[in-house]
Amino acid sequence: MTPAEVFSDTHQDLVKAGEQWMKDTANSCTTVATLIATMVFVAAITVPGGNNSNNGQPLLSQRKAFAIFGISDALALFSCITYVFMFLPILTSRYAEQDFLFTLPTRLITGLLALFISMFSTLLAFGAILYLVFGDNKVWILIPIFALASIPVTLFGTLPIPLLVEMIQSTYGRGIFGKQSDRVLR
């Protein structure tokens, strides 16, 4: 048997465990993405502040915070859809050994980055609308809004960062097959 065949034969349980972990992660992330996409879509079609009865234009459309809301809400929706499109192929993957080296980690990395962008954009849109509705051009309102909004972004940004860094290093870096030292094994 070749070394690759021996490795494949002795690590079949590892492939099955990796498949189960990827499926569980993708299922959880798809559920979160569906919730975020629903919330962001509803926010986009429900115009904050109402519409002008004469021409149908949003009442708050001339304010800068409304533009920030619109842009960040659209960014949240598009990144959330990207997130879903990265995790659906993970669920339908064939989970061959070769897929674990590049394809599956790339999809997971892209999906997690899209989730982070989506969450950040959603919180930015929420903060912009809170400022529009309750701020009355009082800039001091922004301080508690963004202080509180930074908590979930910071938590999500710090908790999966070690996993993300490790996946990026193992997928795009030297990995386990790179030159480890100059010593020759005897």
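The paragraphs below go through this structure from the whole chain down to one residue. The model is predicted, so local features need pLDDT of at least 70 and side-chain atom pairs count only at pLDDT 80 or more, while totals for chains, interfaces and linings use all residues. Residues are numbered from 1 along each chain as its sequence is written, and side-chain values use heavy atoms, leaving out hydrogens and water.

The protein chain has six helices and zero strands; helices (H or I, at least four residues) and strands (E, at least two) are DSSP runs, numbered from the N terminus. The radius of gyration, taken over C-alpha atoms, is 23 Å, well over the 16 Å that the globule rule gives for 186 residues, so the protein chain is more spread out than a compact globule. That rule is 2.2 Å times the number of residues to the power 0.38. Along the principal axes, the C-alpha atoms fill a box of roughly 80 × 35 × 20 Å.

Of the 186 residues, 32% count as buried, meaning under 20% relative accessible area with a 1.4 Å probe, protein chains only. Contacts are heavy atoms within 4.5 Å. Among those between residues at least 6 apart in sequence, 74% join residues at least 24 apart.

Threonine 25 lies in helix H2, which covers residues 12-45. Threonine 25 counts as buried because its relative accessibility is 18%. A polar atom of the threonine 25 side chain lies 2.8 Å from the backbone oxygen of tryptophan 21.

Notes: Buried means under 20% relative accessible area, exposed over 50%, partly exposed in between (1.4 Å probe, protein chains only). A polar contact is a pair of N or O atoms within 3.5 Å; within protein, one must be able to donate a hydrogen and the other to accept it, and residues adjacent in sequence count only if both atoms are side-chain atoms.
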